[in-house]
Amino acid sequence: MAESGSAAQGHRGRLLDNREFLGALFLLPAAILLLGLLAYPLGLGVWLGFTDAKVGSSGQWIGLENFEFLVGDSVFLLSAWNTFIYTFTASVIKFALGLWLALLLNERLPFKAALRAVVLLPFIVPTVLSAIAFWWLYDAQFSVLSWTLVRLGLIDHYIDFLGNPLLARCSVIVANVWRGVPFIAISLLAGLQTIAPSLYEAAAIDGATALQKFRHVTLPLLSPIIAVVMTFSVLFTFTDFQLIWVLTHGGPLNATHLMTTLSYQRGISGGALGEGAAISTAMIPFLLLAVLFSYFGLQRRRWQQGGADR
Amino acid sequence: MAVSLPGALLARWCLVRLRRGEPAGGASNSSGSTPRAGPEGGRGARRSMASVELRQVRKQYGQTSVIHGVDVGVRDGEFAVLVGPSGCGKSTLLRMIAGLEEISSGEILIGDRVVNRVPPKDRDIAMVFQNYALYPHMSVFDNMAFSLRLAGRPREDIQRRVEEAARVLGLGEYLQRYPRQLSGGQRQRVAMGRAIVRAPQVFLFDEPLSNLDARLRVQMRTEIRELHQRLRTTSVYVTHDQIEAMTMADRIVVMNLGRVEQSGAPLELYDEPANVFVAGFIGSPAMNFLPARLRRTPDGVEAVLGDALGLPLEGCELPDGSALTLGVRPEHFVIGSGAGLPAQVLGVEPTGADTQIFCRVCGTPVTVISRERHRFEPGGMIRLTPLPGKTYLFDAAGGQRIPTRDPRRG
């Protein structure tokens, strides 16, 4: 009876019964997304890094020439150095503040839900908007911070937050920390809430002080989440672009130029697509390093593994 | 990425220091007690008076009162079981003894010391939690050694005590495992081990067996009991399971709605319940309660069940017509066909050793246990007579036991 249908219909029916065909079919949308929107641009970017492409000319393959040039370029080296300083300092401060906030929010507090919502606020505001707000705060003439300090009698002339290399570096790091802390705090808070309260009670009976409870219960049990959260935080900070671009454009004297901003400046604003792409490509090894770290950091600890007899 | 390293390093540093047996970070390491020998030796020298006494203990959360003036005394070396339905306040009471919960008023004494304001770590107690509360990131050995390390005990001492406790509990080969790699029963033992290595003055158990399957529960019941026989440490054990209470306790404290209903030896409570609650809670299947009425006749006093059966009473001071509750245990019925209460059979469950008969008497469900293998059909009628001298009378309104002497008791 099954053969009585038309041949085409039978064929299609059999195809849709095939597990492998169905699997491939369902995989298709995700594959198109990944290949078309992630792999292709990435491949194109890397390829451009090996060409002398400019805006308007498709460029020739020139091998490692771009990279050889960059190694001798003091601005590029400075931007790489800046990127490390920026990522390292901001991540350390974000981690410390985030953990502290998470521990606070995990306590019994009045208006707990409202407080948590407020903490998330910097994360919700679009980066460009908050960057503009910070730009206003840091402005040489209209800075609210300077105004307040002057009114308090602490300083007698306005601070040029973004005009001095060291101050500018600190200022962008502060802005980045302000924006990044909520993500860390809320993620770590979620982690803290998975720790059973009875563990703290057991530790209290075992004789642990508050500090010892933190060291021997909280920190080890939180470490898997810390590894995930900090990996993401480092990746986000390393590739930060918006804050810097809005606040300083990389200035003054390239003191706040990151690899991302330099890449954009050279590649898009300056038109040297090949060189810009080479700068971006140079970031990949560092990002891979961070991902590798997370890969090892995220490996399940022995104590997290299930009960197989070994 | 370098960012979480300091945290990890800090944790490692602390662990290393702990392993060396040093107090980490110079923080307080005193457990507030003098060093005592482990569970294996010097028992006589070690054990001091460690009674637990609660005097008019109350607990309030804001306006809500959950414990209303509880008095409990647990003697030195006694195994006391707090039992009651969920929400009766027994766990709260235990946590108050442990110091995990503040008390609103009253006094708690451990030994001769009032410990109201003493933090848990200085009360010289150990607690076994319902979910065991084992540290998942520490091996069995480290779990048991944790309190000793915090107390700054020498390394050999820790090693010796943990191994001794592991031997007692049959955990010797699991010392390097993590809690996740253990079965429920083994985890339970680790929790016990963690308690006994410290040789505390008092053990507190918070429903430690409720997460185990039925067979293991019975086994662990015996083990905990044996351990207590061996160590003779004062213990307070919380459970909602009256069978656990009956089989394990030297003394049972029955709680309900934040009050102590009755306290005494298991069989004392079974034989002489003070009120309807205790009578119904202790014993399985539960005691049957039948509505009755007091009647004074020229011959004396009797309790009338339904319209028919009168049970003669003596020494009862209540007025004629008082509403009563008659309590009869399932095993204290005689099944007959002539006289007695008419009962409609609802179902029969033979268990092999005996037969449980579920029936309805004057609209009240009644359970009867008989050693004989009856074969009643559901819907059939039988006659039940309470065994003379085995009935309990309660005031129907307050539920208090009415002291009576059944003249037939002899």
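Student: Why is Ala133(B) called buried?

Tutor: This is a predicted model, and the accessibility is computed from it. Buried means under 20% relative accessible area. Ala133(B) has 3% relative accessibility, so it counts as buried.

Student: What else is noted about Ala133(B), and where is Ala133(B) found?

Tutor: Ala133(B) is in the loop between S6 and helix H4 (140-150) of chain B. Its phi is near 50°, a positive value in a residue other than glycine.

Student: What makes Thr234(B) buried?

Tutor: The limit for buried is under 20%. The relative accessibility of Thr234(B) is 0%, so Thr234(B) counts as buried. This residue is in strand S8 of chain B.

Student: Which residues is Thr234(B) in contact with, neighbours within four places in sequence aside?

Tutor: Contact needs heavy atoms within 4.5 Å. Thr234(B) is in contact with Ala50(B), Val52(B), Val74(B), Arg75(B), Asp76(B), Gly77(B), Glu78(B), Gln201(B), Val202(B) and Phe203(B).

Student: How much of chain B counts as buried?

Tutor: Of its 410 residues, 53% count as buried. The secondary structure of chain B comes to ten helices and 20 strands. Among contacts in chain B with a separation of 6 or more, 66% are between residues 24 or more positions apart.

Student: Which strands make up the open sheet of six strands in chain B?

Tutor: The order is S6-S7-S8-S3-S9-S10 (chain B), and the pairing is mixed.

Student: Why do strand S6 (125-128) and strand S10 (259-264) of chain B stand at the edges?

Tutor: Each has a single partner strand, so one side of each is left without a neighbour in the sheet. The twist averages 15° from one strand to the next.

Student: How do you know that S9 and S10 of chain B pair?

Tutor: Two strands pair if there are at least two bridges between them. Five bridges join strand S9 (residues 251-256) of chain B to S10(B), and the two run antiparallel. Ile252(B) stands opposite Gly264(B) in S10(B).

Student: Which helices of chain B pack on this sheet?

Tutor: One is helix H6 (residues 184-196) of chain B, which touches S6 and strand S7 (202-206) of chain B. Its direction makes about 175° with that of S6(B). Another is helix H7 (residues 214-231) of chain B, touching strand S3 (79-83), S7 and strand S8 (234-239) of chain B. The direction of helix H7 of chain B makes about 145° with that of S3(B).

Student: What is the order of the open sheet of five strands in chain B?

Tutor: That order is S15-S19-S16-S17-S18 (chain B), with antiparallel pairing. Its edge strands are strand S15 (333-336) and S18 of chain B, each pairing on one side only. Neighbouring strands of this sheet are turned by 45° against each other on average, direction ignored.

Student: What makes strand S16 (residues 341-350) and strand S19 (residues 381-386) of chain B a pair?

Tutor: At least two bridges are needed. These strands of chain B pair over four bridges in the antiparallel sense. Pro342(B) stands opposite Arg383(B) in S19(B).

Student: Why does Ser233(A) count as buried?

Tutor: Its relative accessibility is 3%, so Ser233(A) falls in the buried class, which takes values under 20%. Ser233(A) is in helix H10 of chain A. Leaving aside neighbours within four places in sequence, Ser233(A) is in contact with Ser91(A), Lys94(A), Phe183(A) and Ile184(A).

Methods. Residues are numbered from 1 along each chain as its sequence is written. Chains are lettered from A and ligands numbered from 1 in the order in which they are written. This is a predicted model: local features need pLDDT of at least 70, side-chain atom pairs count only at pLDDT 80 or more; totals for chains, interfaces and linings use all residues. Side-chain values use heavy atoms; hydrogens and water are left out. Axes are lines fitted to C-alpha atoms, for helices over the stretch in contact, and angles run from 0 to 180 degrees between N-to-C directions. Buried means under 20% relative accessible area, exposed over 50%, partly exposed in between (1.4 Å probe, protein chains only).
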